[in-house]
Amino acid sequence: MKLTMTTALGTVLLAAAPAFADKAAVLGTYADIALAKYTDSLTSAQTLLAAVQTLTETPSAEALEAAKHAWLAARVPYQQTEVYRFGNAIVDDWEGKVNAWPLDEGLIDYVDATYGGATDENEYAVLNVIANPSFTLSGETVDAAEITPALLEGALHEADGVESNVATGYHAVEFLLWGQDLNGHGPGAGNRPWTDYATGEACTGGHCDRRADYLTAATELLVSDLEWMVAQWQDGGEARTQLTADENAGISTILTGMGSLSYGEQAGERMRLGLMLNDPEEEHDCFSDNTHNSHFYDAMGIRNVYLGSYTSIDGTVVSGPSLSALVAEADAGVDAELRAKLDTTMLEMSEMKTAAEAGFAYDMMLERGNDAGEALIMGAVDALVDQTRSIERAVAALGVEQIEFEGSDSLDNPDAVFQ
């Protein structure tokens, strides 16, 4: 029997009980879906680069909006890849280049006076590379007269060993397109004017040519980083080879990514923590007010990996023998429970996404005393935690070696958050 549910994406087919599969086939499906997701991420990043080139070559309000739209579209496939973190070392070692957050945006460009200055934690919080063709970093003079991918990656990213010195990736590009979101818990995203990329006297914010160079370099680097990751999941690629070298370890890899993203990373660090702090800066896509979509597609990524099916941006369905099938063979009850929990999470995420798209932005939901916002966020957090408990039961059903999922003080030791 086919079941459906209505979400922000329309009508979605719910998972029926799967056919059985062997471990090698399940790992093959998982790798094929990884390849499809990273390929979609690359394709959409290439589209973003083309939009960025149009903006920097012929600046206009329309060109800036087109680049923003391309960035938002690029987030859809990429967020669905995050379930490949935690278990796959090759992804974890690379991911910080492309999706690190939060960032001290003053490292990159001008910021509002309320942002403050350098801190004990980060001496370079307001370095403003765009305004400075030469600067001292960790005691060394850096020639930044030409802003290139090599400069961003080699000298600036995580400068001085500070993780918030994010110079590359989606969020650096996001900041350069939207600018700071200075609305606090009020409505509205960042409002960078298109004239920040204008030429001559029309230029606002100063150094428009260098800002264009930085945006172009960061986007080019994003494309090249995604090209590299696509190659890792091709037949013979290092990520695919590592995954399939040991079938039992490979199954543990899938479950580790699912449980760690579901619990510590998404439910904890990305959602519950921000709600506890009531901090609009604790948003994953804070400049663009796109956080609801990041959360939604992260959750979808967990679900499509378990079910062994992913719909590419061109409508092609990549599917095959699934982890769900293995669990069903070991314990049909656990599989049915986990599939139901995954569906519940998507319903909760859909409610949050629908509310945000109707004007109730995620940073508004985070405001202290906003009961409706807290209910939406906590509904999704509770569903993520609940599905993690079922992922743990799937681990037990498969007899996989005990897995320790990523945790979060916001879930495991809330008092520590305020110490």
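User: How do the axes of H2 and H9 cross, and within what distance do they come?

Analyst: The two axes cross at roughly 30° and come within 8 Å. H9 covers residues 291–307, and H2 covers residues 61–79. Helices here are DSSP runs of H or I with at least four residues, numbered from the N terminus. Axes are lines fitted to C-alpha atoms over the stretch in contact, with angles from 0 to 180 degrees between N-to-C directions.

User: Before we go on, what kind of model is this?

Analyst: It's a predicted model: local features need pLDDT of at least 70, side-chain atom pairs count only at pLDDT 80 or more, and totals for chains, interfaces and linings use all residues. Residues are numbered from 1 along each chain as its sequence is written, and side-chain values use heavy atoms, with hydrogens and water left out.

User: Ok, back to the pair. Are H2 and H9 roughly parallel or roughly antiparallel?

Analyst: Roughly parallel, a label for angles under 35 degrees, while over 145 counts as roughly antiparallel, 65 to 115 as roughly perpendicular and the rest as oblique. The crossing of H2 past H9 is right-handed, meaning the near helix is turned clockwise from the far one by less than a right angle, with anticlockwise being left-handed.

User: Which residues meet there?

Analyst: From H2 you have Arg75, Val76 and Gln79, and from H9 Ser294, Tyr297 and Asp298. Contact means heavy atoms within 4.5 Å.

User: And H2 with H3, what's the angle?

Analyst: About 165°, with the axes 14 Å apart; H3 is residues 89–99. So H2 is roughly antiparallel to H3. This crossing is left-handed.

User: Which H2 residues meet H3?

Analyst: Arg75, Tyr78 and Gln79, which meet Trp94, Glu95, Val98 and Asn99 in H3.

User: Switching to cysteines. How many disulfides does a search of the whole structure find?

Analyst: One. The disulfide (a pair of cysteine sulfur atoms within 2.5 Å) joins Cys203 to Cys208, with S to S at 2.1 Å.

User: What's the handedness of that link?

Analyst: Right-handed, with 95° about the S-S bond.

User: Is Cys208 buried or exposed?

Analyst: Buried, at 4% relative accessibility. Buried means under 20% relative accessible area, exposed over 50% and partly exposed in between, using a 1.4 Å probe and protein chains only. Cys203 is partly exposed at 23%.

User: And what about Cys286?

Analyst: Cys286 counts as buried too, at 11% relative accessibility.

How values were computed:
Helix = DSSP H or I, 4+ residues; strand = E, 2+ residues; numbered from the N terminus.
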